[in-house]
Amino acid sequence: MPIAARFETAFADLGDDFSDVVAPASFPMARLRYRNDRWAARVGLDGVADPDWTEHFGRFRPFPDYGAAPRAIRYHGHQFRHYNPDLGDGRGFLFAQLRDLEDQRLLDLATKGSGQTPYSRAGDGRLTLKGGVREVLATAMLEARGVYTSKSFSLIETGEALMRNDEPSPTRASVLVRLSHSHIRYGVFQRHAFHNRPDSLRLLIDHCGEHYFPELMETDEATRAASLLAIACRCAAQLVASWMATGFVHGVLNTDNMNITGESFDYGPYRFLQAADPSFTAAYFDESGLYAFGRQPEAVFWNLKQLAGALSLVCDKEALVAALALYPHAYRVALIHRMFAMLAIAPGNLDADGAFLERLFTWMAETGAGWEQFFHDWFCAPARTGLDSPQRALYAGPEWAVIESGLRSRTPVDEQRLRHPYWSRGRPASLLIGEIEALWRDIAEADDWEGFHAKLAEIEAAREAYAFQPQSADNVGSLAGAPQERSVGAAVGPATPASPAGRAGSP
């Protein structure tokens, strides 16, 4: 079957100031372990047979008529709030760009674990098979819950034995290909500010307008950077709100892990909450709890201030401060909408809804109610009859009575979804750390992939049952309707610790 994909070279066309041509590693084996057929169909690659798929995404044979070589993207970033000018794609590259055939968005096919690049430092440029399995599961679960996330497109085992300190070694290796709506991180802007390159910053801003936010190009050139920051604030607010509603802890919210389009990606030590706990952390090395569940909104806001610091090289500070001030209110609105979407009930009055959710979260924290279980039990509550839940005993007492009344008194959203057999289950699809470890143990010890595929099938049933609308070109980052905030909530942070003006010289 011929390939229907529409390839482009938009990022490569920016030139060598933004990326480096690299070559993929040569692996001793290429065994296909996962391919995302649903998204392959959306980008016109569903007709690629498995042997050719493995050649393209395990050996990185170029696609016919696609002229751009693999490119490692250059960027800097704050890692746990310490500026690092020695970053960049260290174990991956942009393999190709192509169009979403449904909504015409430009999408990236980028790798993780494909070998060393000029930015690998002391790393081997590889990805453990366990890391690849974890990312496939994370993206599937987040997409099922309506989170705007990268899609794990392909996972291929590569036959290498890797030594790692954080898991029994030697361990198996893999190469992952993710499908994403751009890989332009906040750190890309930080790098060009660090090197005092206003020309590169303006080129990058216009690139984002031309390929991701077309209405940005209708704004005045003098304020275009501030307009881009306003879009980034709105996108980031929606993203972190969706994490919070889903009970997801990213774990490593450094500025190089934040995407200008507000898309969640790069899943390392992530976790899903078992129960409501603001102090819960995902990464064992996050000793201060900087990126704990309850601190994620503030962490993302801090990152936005660093983006603003980089953009201050080409934009008036006051305009950037005004753009940043959009975030607090945008986050508040997005969180209410996302929490109510998870419950399939319509929001109403902003203040009343916010107070209700505060009360709900307090009850969940005090009772230890399972996060995923609660949303499963009370999805579309006004239309639900009967309750088969392992935590049914928690739904009692005067405080619960007030919460249940609040749930049932609201308007249901698309109660037809309750007909899906998923909602008749007593337990929801979940992805707690113990479940991941158990299915990985089967793979590691017996090469038994049954648990992995069963978990993906369970998550797919949840995706169909929730029936969230996927993110599209029509609802990503629009300048229109950005919430307004009366008070200015933050100052513009510097692009680097050494340069308050964001104009530090080369390292």
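Buried means under 20% relative accessible area, exposed over 50%, and partly exposed in between, with a 1.4 Å probe and protein chains only. Helices (H or I, at least four residues) and strands (E, at least two) are DSSP runs numbered from the N terminus. This is a predicted model, so local features need pLDDT of at least 70 and side-chain atom pairs pLDDT 80 or more, while totals for chains, interfaces and linings use all residues. Residues count from 1 along each chain as its sequence is written, and side-chain values use heavy atoms, without hydrogens or water.

**Stop 1: helix H2**

Select residues 50-58, which form helix H2. Colour Trp53, Thr54, His56, Phe57 and Gly58: these are buried. Now show what they pack against (contact: heavy atoms within 4.5 Å). The partners of the buried H2 residues are strand E3 (31-35), helix H1 (37-42), strand E7 (94-99), strand E8, strand E10 (151-162) and strand E11 (171-180). Then step past the helix to Phe60, where phi is positive, near 60°.

**Stop 2: the largest pocket**

A pocket is defined on a 1 Å grid over the protein atoms alone, as an open set of points where a 1.4 Å probe fits, with protein on both sides within 12 Å along at least five of seven lines; lining residues have an atom within 4 Å of a point. Grid points are joined across faces, edges and corners, and a volume is the space filled by probe spheres set on the points.

The largest pocket has a volume of about 1600 Å³. Centre the view on Arg91, Lys112, Asp166, Gly268 and Pro269, the closest to the pocket centre of its 48 lining residues. Next, show strand E8 (106-112), strand E9 (127-128), helix H3 (129-144) and helix H13 (433-446), the elements that each give two or more residues to the lining. What classes of residue make up this lining? It has 16 nonpolar, 15 polar and 17 charged residues. Here Ala, Val, Leu, Ile, Met, Phe, Trp, Tyr, Cys and Pro count as nonpolar, Asp, Glu, Lys and Arg as charged, and the others, Gly among them, as polar.

**Stop 3: salt bridges**

A salt bridge puts a side-chain nitrogen of Lys or Arg within 4 Å of a carboxyl oxygen of Asp or Glu. The count is 38.

Stay at Lys112. Lys112 bridges to Glu135, with the closest N and O atoms 2.8 Å apart. This pair ties strand E8 to helix H3 across 23 residues. Lys112 is buried at 6% relative accessible area, and Glu135 is buried at 1%.

Select Asp206 and Arg224 next. Their salt bridge is 2.9 Å, N to O. Asp206 sits in helix H5 (198-211) and Arg224 in helix H6 (224-246), 18 residues apart. Asp206 is partly exposed at 22%, whereas Arg224 is buried at 10%.

Lys455 belongs to helix H14 (450-466), 20 residues apart from Glu435. Glu435 is partly exposed at 25%; Lys455 is buried at 8%.

For a network of salt bridges, select Arg42, Asp100, Glu102, Asp103 and Arg105.

**Stop 4: Gln391**

Finish in the loop between helix H11 (371-377) and helix H12 (398-408), where Gln391 lies. Is Gln391 buried or exposed? Gln391 is buried, at 10% relative accessibility. Its side chain makes a polar contact with the side chain of Tyr395 at 2.8 Å. Such a contact is a pair of N or O atoms within 3.5 Å; within protein, one must be able to donate a hydrogen and the other to accept it, and residues adjacent in sequence count only if both atoms are side-chain atoms. Gln391 also touches Ala369, Gly370, Gln373, Phe374 and Asp377, leaving aside residues up to four places away in sequence.
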